Amino acid sequence: MHGTNTHILFHEFDYLEPASVEEAIGLLTHYGPEARVLAGGTDLIVQMKMERLAPRYLVSIGRVPGMEGIAVQDGNTHIGARTSIRTLRNDPWIRSRYPVLAEACASFSTTQVQVRGTLGGNLGNASPASDTAPALIAYGAEAIIRGPEGTRRVPVEEFFVGPGRSVMEPGELLVAVELPPPRPGTGGAFLKVGRVAADLAKVNAAVVVIREGDRIADARLVFGAVAPTPLRTRKAEAVLVGQQFSEEVVTEAAQVASEEVSPIDDVRSTAWYRRELTRVLAYDGLYRTWERASQPAEQFPTASVASPPAVSLSRPLRHIRADQEVEVHLTVNGEQRRVWVAPNELLLNVLRERLHLTGTKYGCGIGECSACTVHVDGRLALSCLVLAVAVDGSEIVTVEGLASRDGELHPLQEAFIRYAAFQCGYCTAGMLMTAKSLLEEIPHPTEEDVRDYLKGNLCRCTGYAAIVRAVMGVGGEK
Ligand code: FES
Ligand code: FES
């Protein structure tokens, strides 16, 4: 028996890559509780590294077609379970029609985890502190679950059973979430208090009201991290519904909500403080929501929906046994590379130890420092949480690929030198790769944009000011 070591995955498993939803369900049914679904990996791989989970079979749905994207079907907004948190945060349709969900996604963890983490993963791990769940419950969303017996729809409010437990049975797969169209007069807000920007919530709150003149026609107040599951405070809602909006009503509803929750003491907060936060977030959320509910409905775009990307899997079911090695083909910094790997080998180890690209650094190993950030197929990835087999065929860019072939440094590298934006340099590769992605997504960021985008990249030396100045020096408004 070995102690916890987050450097590598000791745990061995078979890696399976189904080519369709049906095939994924067949595998999950066959292997039952011994199998886990791998999507973004930002939670599952961490749990495995921490030796809290030890599945014998990983069913990777990363390339299963039809599980990603946003579409409108019969007036409802249909979100594939593999749609990333970052996509939901940025999508114009979600931002205008379901701003509470977009705000929840914006508050979610680090940029790297937003890019790789999926909506299905955030619901599927059934954390009481899920950020997306309160927003989905407040909008009356349904989870669409497929299994060997067919498809069933479950209100997200009923999806959670307890900490880490949902209504999902072995063999079932969460394939999508569907939101009904918002009623006229709907306003909403998402509020969250955590220890630091990228942390799980001490308390989060999704507040949605439907306003008819000065009257509250309907209200939903949903809180996370204050009960074994995300909690809708129905008694507080009853205080509001049918009433004129007033200081007295809001104060009473907030007080009732704080009495309705059942928080615990843990490493993030005390039960007492969580109860207080529930009251404050309910109060603030109701005021913010009421203001928004009075804004005209024309703000909604008429039709702007992200199409699911054309992902296709040309190969049949792939099954790599735990004791087997396979050859993966990677394009790393423009060069074709082939490496033999076992299913439990991580991209970080392949880059550093097989390909000797040691610019990418190993820090925490569990997705908390971002020192290991690289680009995979043009998107940020924490290489300490990515299985090498799962990125077979992908294009990888590391810090060694930033400078041009003739040695000319990238403008960000030049700026980091000019602004003295590093001391020991351990975080620098991750900072540079993240900043490059930032400037691709937001070519002229504000300082707030830079600080938010880099919030997951930890630096023990510089105090961040010089790093922010360097990035602003390249892309920021002059
Ligand atoms: S080493 Fe990957 S996030 Fe810290
Ligand atoms: S420069 Fe030392 S950790 Fe950032």
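Let's start with charge: the protein chain carries 48 positive and 57 negative side chains, and the centres of these two sets sit 2 Å apart. Keep in mind that this is a predicted model.

Now for the overall build. The protein chain has 478 residues and a radius of gyration of 23 Å, which agrees with the value near 23 Å that a compact globule would have. Along the principal axes, its C-alpha atoms fill a box of roughly 70 × 60 × 45 Å. As for cover, 53% of the 478 residues count as buried. The chain still exposes about 20400 Å², and carbon and sulfur atoms supply 50% of that area.

How does the chain fold back on itself? Take the contacts between residues at least 6 apart in sequence: 64% of them join residues at least 24 apart. The secondary structure comes to 17 helices and 20 strands.

One piece to look for is an open sheet of four strands, in the order 11-12-13-14, with antiparallel pairing. Strands 11 and 14 are its edges, each pairing on one side only. In general, strands of a sheet pair through backbone hydrogen bonds, either parallel or antiparallel.

| Edge strand | Residues |
|---|---|
| Strand 11 | residues 186–194 |
| Strand 14 | residues 231–232 |

Nine bridges join strand 11 to strand 12, which covers residues 201–212, and the two run antiparallel. Within this pairing, Thr 186 stands opposite Ile 210 of strand 12.

Note on methods:
Residues are numbered from 1 along each chain as its sequence is written. Chains are lettered from A and ligands numbered from 1 in the order in which they are written. This is a predicted model: local features need pLDDT of at least 70, side-chain atom pairs count only at pLDDT 80 or more; totals for chains, interfaces and linings use all residues. Side-chain values use heavy atoms; hydrogens and water are left out. The radius of gyration is taken over C-alpha atoms; the globule rule is 2.2 Å times the number of residues to the power 0.38. Buried means under 20% relative accessible area, exposed over 50%, partly exposed in between (1.4 Å probe, protein chains only). Contact means heavy atoms within 4.5 Å. Accessible areas come from the Shrake-Rupley method with a 1.4 Å probe; for residues, only the protein chains shown count as cover. Lys and Arg count as positive and Asp and Glu as negative; His and the chain ends are not counted. The place of a charge is taken as NZ of Lys, CZ of Arg, CG of Asp or CD of Glu. Two strands pair if DSSP finds at least two bridges between them.
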